[in-house]
Amino acid sequence: MSDAVKTYGWEAQPRDPSVILRGRKNVKDPKPQTVVSIKLPDSILAASVLKFAERELSTPTFNHSMRVFHYGQAIHTQQFPEWNFTDETYLLACLLHDIGTTDKNISATRMSFEYYGGILALDLLSKELHAPIEQAESVAEAVFRHQDIGETGKITTIGQLLQLATIFDNMGGHEDLIHQDTIKDVTGRYPRNKWSSCFAATIQKENGLKPWAHTTALGEDDFPNGVQNNKLMQPYD
């Protein structure tokens, strides 16, 4: 296996979370993990993408992206420490996974937001910021597939972690992977600002503009309703 496959999170994982969890709620009982205990990558590339995300994303979407980073780190370090990738690569995927949902980008194309967002991420990283192509493509792959939920086949390590963390923040899925005190600390640093209503409205907006959108595969009513009625995160909205 090449170094790039491990470094940038390309190793294949089962797409079905129940397989990686071996049919259990978690691999280990989660422990509290604070935002300050996780050091943000401080490379020039990471700083550039962080600045880009702060400029391009709304505050609720930026905060969601940072929560996804911290929830993903908690899942990685406590549940799947054997998974290989750089923290920088995962941060880039988190910061860019919803770039296709901005008002500007969602109306700029007929493509589903994940696919257009993946193209934007690939262009930004490879053409403008000159990231290694293996890293840029890993991030783009994860963005393309972060809503590709299913029970068959495989997905990259970065893609699986991004799915787990986004489902956790958006719908309260797999709630036993992360300690309640971690949620309190992360939402204290990156408030939800009524994220459940905000993202449900984004889903409905895209489905209205693009009735063929990939988001409809998650349920035209079930998905936005599940986001809107995220009971795990209700106390923090």
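A search of the whole structure finds seven aromatic pairs, where rings of Phe, Tyr and Trp (its six-membered ring) pair if their centres lie within 6.5 Å, with planes under 30 degrees apart counted as stacked, over 60 as edge-to-face and the rest as tilted. The structure also holds twelve salt bridges, a salt bridge being a side-chain nitrogen of Lys or Arg within 4 Å of a carboxyl oxygen of Asp or Glu. This is a predicted model, in which local features need pLDDT of at least 70 and side-chain atom pairs count only at pLDDT 80 or more, while totals for chains, interfaces and linings use all residues. Residues are numbered from 1 along each chain as its sequence is written, and side-chain values use heavy atoms, with hydrogens and water left out.

**Aromatic pairs**

- Tyr71 and Phe168 form an edge-to-face aromatic pair, with 4.9 Å from centre to centre and 75 degrees between the planes.
- This pair links distant parts of the chain, since Tyr71 lies in helix H4 (residues 59–79) and Phe168 in helix H9 (residues 157–171), 97 residues apart; helices (H or I, at least four residues) and strands (E, at least two) are DSSP runs, numbered from the N terminus.
- Both Tyr71 and Phe168 are buried, where buried means under 20% relative accessible area, exposed over 50% and partly exposed in between (1.4 Å probe, protein chains only).
- Trp195 and Phe199 form a stacked aromatic pair, 5.4 Å centre to centre and with 10 degrees between the planes.
- Because Trp195 and Phe199 are four residues apart in helix H11 (residues 195–209), about one helical turn separates them, and Trp195 is buried, as is Phe199.
- One aromatic cluster is formed by Phe69, Phe85 and Tyr90.

**Salt bridges around Glu56**

- The side chains of Arg55 and Glu56 meet in a salt bridge (3.4 Å, N to O); Arg55 counts as exposed at 54% relative accessibility, whereas Glu56, at 22%, counts as partly exposed.
- Glu56 also forms a salt bridge with Lys104, the closest N and O atoms being 3.2 Å apart.
- This second pair links distant parts of the chain, with Lys104 in helix H6 (residues 103–106) and Glu56 in helix H3 (residues 44–56), 48 residues apart.
- Lys104 counts as exposed because its relative accessibility is 52%.

**Salt bridges around Arg15**

- Salt bridges that share partners join Arg15, Glu141, Arg145 and Asp148 into one network.
- Within this group, the side chains of Arg15 and Asp148 meet in a salt bridge (3.0 Å, N to O).
- Arg15 counts as buried because its relative accessibility is 12%.
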